[in-house]
Amino acid sequence: MTKDSSDLKRLIVDQEAQKHSLIQELIDDGVIKRKLRASKQETNEAYTYVLDTGDDATKALSVVSNKHNKPESWVKTVKHSPVYKNIIDYSIKNNVNHPTYTLMKDKDVWNTGVKRSLRESTTLSSLLNSLSDYVNLAKRVEDLENITEALVEHAIVTDSRLAELENNSTSTKEKALQMIKEGYTISEVAEVTGKHSNTIRRWRDGCSD
């Protein structure tokens, strides 16, 4: 390396140092303000909270803020701050064994497209709110599956009971009273027997036809 190139390199280093020193002085004097961002760990904590609860960005960041005694304006400021892919990847990887991830995979909510859309988030708010949408979608799918399963089981039991009633030689009134005894509602008994609900109520209450 020649003396000129060595001097040039040293000059560049000195100028960079002076620039950073000047910027820090301006920050210290309040002339310019450093952009406030959530740290990698704070972002991960908010990310995990959304997986736990399905809550939105504001709620998740409020919990993190309270935990770390942040100033009142912290949530509003960091919510719209940029979020970088390396931090998003860290949060995804760090929560890979979270039960909600397993749920999302089981319900076909979590896939490469979803992961890509999260990695394309430009702000902390968009990341956490998108995650919240996916978490709640998985939970709704699970709820619908549980409801469907319960309805199918109820239908099977009802069909079985109807077949049993049809094979009995008992009267319509006896069938109705037996169904009421077994816990069927007035509406269900009326639908099965073809009788008006008022008739079923009279039978139930011990009145005659």
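**Burial and helix packing**

Analyst: Start with one residue. Serine 132 has a relative accessibility of 6%, so it counts as buried (buried is under 20% relative accessible area, exposed over 50%, partly exposed in between, with a 1.4 Å probe and protein chains only). The model is predicted: local features need pLDDT of at least 70, side-chain atom pairs count only at pLDDT 80 or more, and totals for chains, interfaces and linings use all residues. Residues are numbered from 1 along each chain as its sequence is written, and side-chain values use heavy atoms, with hydrogens and water left out.

User: Where does serine 132 sit, and which residues does it touch?

Analyst: Serine 132 lies in helix H8, residues 124-167. Helices are DSSP runs of H or I with at least four residues, numbered from the N terminus. Leaving out residues up to four places away in sequence, serine 132 touches Val50, Gly54, Asp55 and Asp56. Contact means heavy atoms within 4.5 Å.

User: How do I describe two packed helices?

Analyst: Give the angle between their axes and the distance between the axes. Here, H2 (residues 40-53) and H3 (residues 57-67) pack at about 130°, axes 9 Å apart. Axes are lines fitted to C-alpha atoms, for helices over the stretch in contact, and angles run from 0 to 180 degrees between N-to-C directions. That makes H2 oblique to H3. Under 35 degrees is roughly parallel, over 145 roughly antiparallel, 65 to 115 roughly perpendicular, and the rest oblique.

User: Which residues of H2 and H3 make the contact?

Analyst: From H2, Glu42, Glu45, Ala46, Tyr49 and Val50; from H3, Lys59, Ala60, Leu61, Val63, Val64 and Lys67.

User: How do I read a helix face?

Analyst: An α-helix has 3.6 residues a turn, so residues three or four places apart point the same way. In H3, the buried residues are Ala57, Ala60, Leu61, Val64 and Ser65. Down the axis of H3 they fall within an arc of 135°, so they line one face of the helix. The arc is that of the directions from the helix axis to the C-beta atoms. Asn66 and Lys67 are exposed on the other side of H3.

User: What is the angle between H9 and H11?

Analyst: Roughly 75°, and the axes of H9 (residues 172-181) and H11 (residues 197-204) come within 10 Å. H9 and H11 are therefore roughly perpendicular to each other. Thr172, Lys173, Ala176, Leu177 and Ile180 of H9 meet Ile200, Trp203 and Arg204 of H11.

Note on methods
Helices (H or I, at least four residues) and strands (E, at least two) are DSSP runs, numbered from the N terminus.
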